[in-house]
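Hi everyone, thanks for coming. Have a look at the screen while I talk you through a few spots.

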Amino acid sequence: MEEYRNANELRCGERLAFLRREKQITQEQLAQAVGVTNQAVSKWESGQSYPDITLLPRLAAYFQVTVDELLGVARPQEMRNLYLGIKDLFRETAKEECFSLAFKLATLLHEGAVSGGYKGHLPWDEKTQYGLDQEPYKWGVSICSEPQGATAHIRNGIFFSDQKYYSSMSRGDMAAVSETLQTLADLHVLKTLYALYELTVGDFDNGYADAAEIARQAHLPEETVRDCLRLLETEEDPEGTGRLRLRGSYMHLPALLQMFLRQ
């Protein structure tokens, strides 16, 4: 196993830890499955030692991977294969889970960009499986801005920008942004925006709220809320009840505005 002892070439410990957590088993359970001690598994995962060569086929079969994949020396898939695999994954995913899946994939892309393509030091706990945990939006705030591009992961939002595709904004675009920012600079408008968003975001098909509900959510007088609603893009319940929800670009503004925060 000496040929695999170079940490730059062999990533067996990292792969074992990843596969074990993915299978949702403890180090003790893995140790029992392959007939070694808990301490042996702990040393494998920390990189202090490596499994005996005779154990590799058993470990690979247990996790249903190849020995090369287990050792972390398998060549990465070509972009086309990854592309097709991701499309197949979305086809097999329930419609209501598609955005959750996309977000988890985006956390892995963000981590790859921030860490220099998984080649440099990760600025957080390397043992945590960002993107595979149940609530990846809770892991923290990370922002990386480089000449080549920028990415930010804040709360439930992930942003990417590739500078190769940057194009200058027109005067009309700038005027539209300025108008929107001036509108949202009013604290009452922001409170109304987020109140309406929070009342309706959970039900896209039937989620509507009236001014009284929005006022209670925003802790504002109802008349103030009605004035603020005139400045936002909204649409009325088609049944004519007078209840409203956000429409157009204002549907994603609440989540997008959170990207400005640094905590």
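So, what is the mean pLDDT of the protein chain, and what share of its residues reach 70 or more? The mean is 85, and 86% of the residues reach 70 or more; pLDDT is the predictor's confidence in each residue, from 0 to 100. Residues 1-8 have pLDDT below 50, and beyond near neighbours in sequence this stretch has ten contacts in the model (heavy atoms within 4.5 Å).

Some ground rules: this is a predicted model, where local features need pLDDT of at least 70, side-chain atom pairs count only at pLDDT 80 or more, and totals for chains, interfaces and linings use all residues. Residues are numbered from 1 along each chain as its sequence is written, and side-chain values use heavy atoms, with hydrogens and water left out.

Now, the rings. Searching the whole structure turns up one aromatic pair. Tyr-62 and Phe-63 have ring centres 5.1 Å apart and planes at 75 degrees, so they are edge-to-face. For the cut-offs, rings of Phe, Tyr and Trp (its six-membered ring) pair if their centres lie within 6.5 Å; planes under 30 degrees apart are stacked, over 60 edge-to-face, and the rest tilted.

Buried or exposed, what is Phe-63? Phe-63 is buried, at 9% relative accessibility, while Tyr-62 is partly exposed at 25%. Buried means under 20% relative accessible area, exposed over 50%, partly exposed in between (1.4 Å probe, protein chains only).
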